[in-house]
Amino acid sequence: MLFLATGSSFNSVLSAKLYIEEIANVHIDIEEPYNFNEYGKVPNDVDMIVAVSQRGTSTSTINAVKKAKYSDKPVIVLTSIMDSPITKLVDNSLDMGCGIETVGYSTKGVSATILSLMIMGIDLAVESGHVSRDIANREMEKLEEIVNKIPDIILKTKAFYQNHKMQFDGASRISPLGYGPNVGTVREAETKFTETVRVPTQGLEIEAYMHGPIFELHKNYMVIFTEIENSGPYDRSRKLNDFVSQHCHNVYTITNGSSNNEDILGLHIDVDELMSPLALVVPYQVLSYLICEGNGVDLSIPVYSDFKEVMGSKVTW
Ligand SMILES: O=P(O)(O)OC[C@H]1O[C@](O)(CO)[C@@H](O)[C@@H]1O
């Protein structure tokens, strides 16, 4: 499958990619739509192209759908606005069901995109005979359990922020780090912090961080690890965490596990690693909001009011 998505939608596909690949036994490529338009080709072995655009107005994703339609592959759209411009280009659009994102910065849309994609993966797995209906039902229950935990995750994140308010509000550079499916989570942390908090942020996979970016580490910067207990790379992430902590005063961890360490936000949830971005993205969203509030960032005032018009990055309708 080839996915076309940008910004938070790209990050959401990246967050769900490993789960879909595992449950439905498919391979997924994700392309930035602009790059696809300028340089891309649809590989012969692609069976389906899925364009993801929450609001359905991103110019590059719309143009990518136009180009994708020249291939002989089916093209579908996943969006939250079922009469948005992108939906006019295809016969089949799927509603991610979250409605209009009133805050302007993709938040519930990210959770809805990740959840919709995981449900699509389960449906695909059943339809292709890769898993039984019983297994699919159990997977759906697991997703529901995560969604039900979101209010508690929000509360825990708020308490964690209050304990470290000075550090979060004063952060001058943030490096959210993760691995596996949570590379999508930390990419979204990067998008959310830069869009809203507006401090330099780079979300990276732990091993990629070791190959260059770590050398910018300063004792006053902030590093946030994103960890799933008992996952394959967990020990390696802890080891890097220990190393980084020797050189930086503000090192925190967001984990599904529990901890008495005040620098660890333990969500205390039982979650499959491949589903975990659905839960672990929430603390980053809440922290973005709280830091904005703490720093007096008024999100209703656009930073560059003429940007979209000058660059044509969104279509108006
Ligand atoms: O999913 P959409 O609606 O195509 O938007 C993609 C991205 O465009 C933005 O709205 C602006 O770049 C981001 O907030 C968002 O992640």
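1. Let's start with the secondary structure. In this predicted model, the protein chain has 11 helices and 10 strands. How compact is the chain? Its radius of gyration is 19 Å, close to the 20 Å that the globule rule gives for 317 residues, so the chain is as compact as a globular protein of that length. If you'd like a box to picture, the C-alpha atoms fill one of roughly 55 × 50 × 35 Å along the principal axes.

2. Of the 317 residues, 53% count as buried. The accessible surface comes to about 15,100 Å², and carbon and sulfur atoms make up 51% of that.

3. Which residues touch the most other members of the largest nonpolar core? They are Phe3, Phe168, Phe193, Tyr209, Val223 and Val244, in a core of 80 residues. Helix α10 (residues 277-295) gives the most to this core, with 11 residues. As a rule, nonpolar side chains in soluble globular proteins tend to be buried together.

4. Have a look at Val244 in the viewer. Leaving aside residues up to four places away in sequence, Val244 touches Tyr209, Ile214, Leu217, Val223, Phe225 and Val251. There's also a second, separate core of 15 residues, with Leu2, Ile86, Leu89 and Val90 among them.

5. Next, contacts along the sequence. Taking the contacts with a separation of 6 or more, 73% are between residues 24 or more positions apart.

Terms used:
Residues are numbered from 1 along each chain as its sequence is written. This is a predicted model: local features need pLDDT of at least 70, side-chain atom pairs count only at pLDDT 80 or more; totals for chains, interfaces and linings use all residues. Side-chain values use heavy atoms; hydrogens and water are left out. Helices (H or I, at least four residues) and strands (E, at least two) are DSSP runs, numbered from the N terminus. The radius of gyration is taken over C-alpha atoms; the globule rule is 2.2 Å times the number of residues to the power 0.38. Buried means under 20% relative accessible area, exposed over 50%, partly exposed in between (1.4 Å probe, protein chains only). Contact means heavy atoms within 4.5 Å. Accessible areas come from the Shrake-Rupley method with a 1.4 Å probe; for residues, only the protein chains shown count as cover. A nonpolar core is a set of buried Ala, Val, Leu, Ile, Met, Phe, Trp, Tyr and Cys residues joined through side-chain atoms within 4.5 Å.
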